[in-house]
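This briefing concerns a predicted model.

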Amino acid sequence: MTSFAPMPWDQPWDRPAPEREGLPSAWSLFPEDLAALGCPGSALETFKRLHRPWTWKDGAPDLGSTIRRWLEGVADLRLPSIVERQASGDGSTKLALELADGKRIESVHMPRKVRNPRVTYCISSQVGCAMGCTFCATGSMGILRNLQPGEILGQVLTLMAELGPDRGHELTLVFMGMGEPLHNLGHLHRAIRLMCHPAGLGLGKNRITVSTSGLVSGIEKLAKLEPRPLLALSLNATTDEARSRTMPVNRVWNLARLRQALDDWNPKRGEKFCFEYVLIAGENDTEADAQRLADWLGDLRSGHNLNLIPMNEHAASAFREPGEDRVQQFAEWLKARGCFVTVRRSRGRDVQGACGQLVKGR
């Protein structure tokens with residue numbers, strides 16, 4: 001009997017993820033949407049009061065009774081609520097947030113001590129994930145549902161109100177939490193547009209990074225959208241055989257096809273790719289892997305950042321972290337081949353809040 005490779009439409013990430021039912025989130029509405037729904041008074045002012053947590057009182061927008069009653073009739077005014085906090089010894093905090101339907105997601109708050117202090121949020125785009133990467137705890141959940149735009153943004157507003165920072169210009173966002181962001185591209189990009197709105201948080205698009213496991217169809221669509229965030233790619237192997245074994249998406253879009261999508265992205269001035277390579281002991285950490293990785297990067301090896309991430313171990317995977325000597329040796333092999341390399345120590349490891357460790361759902 002002849003067997004065939006599965007076609008793209010046979011894959012879980014090519015089927016729409018389940019959606020939450022009910023009224024749209026108030027935080028998913030632009031000023032023009034509020035006006036079209038009949039907002040009493042100024043729709044722009046209502047948008048500002050919703051989207052600027054530094055103006056809130058007692059942890060909620062100061063809307064006034066008339067606007068609040070009207071909004072409660074046309075939209076969902078509930079934000080994700082923090083139900084668990086785990087402080088890491090490195091200063092980061094992993095948070096479990098409960099959504100209006102009882103589903104739970106995880107986010108990570110990471111202050112950084114630099115010349116101009118900033119805070120990075122690692123946020124989620126879905127409850128669970130359809131990609132099935134074998135080294136990732138979230139992948140073991142399967143996909144439960146998409147987050148709506150207001151729920152994606154709601155994570156940010158909730159964390160700002162509870163933990164800071166006080167203003168959007170002090171904030172950096174990475175979509176490296178639960179879910180494959182490009183499997184939820186429509187809701188994701190609406191949330192990005194809302195966060196970049198000058199009457200709201202006013203984030204710059206280059207302060208937002210979207211990480212993908214290699215969903216080429218999504219990369220090609222995102223490349224054409226504005227505002228276009230920065231792109232991070234989770235690579236993690238240097239042969240199609242190895243990558244297909246750990247990342248099922250590679251069975252549809254292989255390494256050559258993935259590299260073509262990056263060429264077609266055509267980075268603009270100020271845009272840099274971030275390549276993420278999870279080092280797994282005995283799986284992808286040889287000198288031959290380093291050579292193939294440098295060859296695959298080609299002309300991208302020096303102008304874009306390659307993050308080496310030692311495997312963050314968790315109970316759902318049998319893979320293990322390589323020793324420190326191997327991590328440093330692998331980095332040196334790449335540097336000798338002209339790669340711009342950073343060994344990234346994932347924050348929140350001691351509270352299972354590091355890359356590949358986020359898992360909730362419920």
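Buried here means under 20% relative accessible area. With a relative accessible area of 12%, R20 is therefore buried, and D76, at 7% relative accessibility, counts as buried too. The two residues meet in one of the 23 salt bridges that the predicted structure holds.

**The pair D76 and R20**
- In the salt bridge between D76 and R20, the closest N and O atoms are 3.3 Å apart.
- Because D76 lies in the loop between α3 (65-74) and β1 (81-87), while R20 belongs to the segment before α1 (31-36), the pair ties together parts that are 56 residues apart in sequence.

**Further salt bridges**
- The side chains of E151 and R145 form a salt bridge with an N to O distance of 2.9 Å, and both of these residues are buried.
- Salt bridges with shared partners join R145 and E151 to R20, D76, R78 and D101 in one network.
- A salt bridge also links the side chains of E98 and R104, at 3.0 Å from N to O, and R104 is buried, with a relative accessible area of 14%.

**The nonpolar core**
- The largest nonpolar core comprises 94 residues, and L71 and M195 are those with the most contacts inside it.
- Helix α5 (residues 185-196) contributes the largest share of this core, namely 7 residues.
- Leaving aside residues up to four places away in sequence, M195 touches L153, V156, L173, F175, L201, G202 and L203.

Technical notes. Residues numbered from 1 in each chain as written. Predicted model: local features only at pLDDT ≥ 70, side-chain atom pairs only at ≥ 80, totals over all residues. Heavy atoms only, no water. Core = buried A, V, L, I, M, F, W, Y, C linked by side-chain atoms within 4.5 Å. Buried < 20%, exposed > 50% of the residue type's maximum accessible area, 1.4 Å probe, protein only. Helix = DSSP H or I, 4+ residues; strand = E, 2+ residues; numbered from the N terminus. Contact = heavy atoms within 4.5 Å. Salt bridge = Lys/Arg side-chain N within 4 Å of Asp/Glu carboxyl O.
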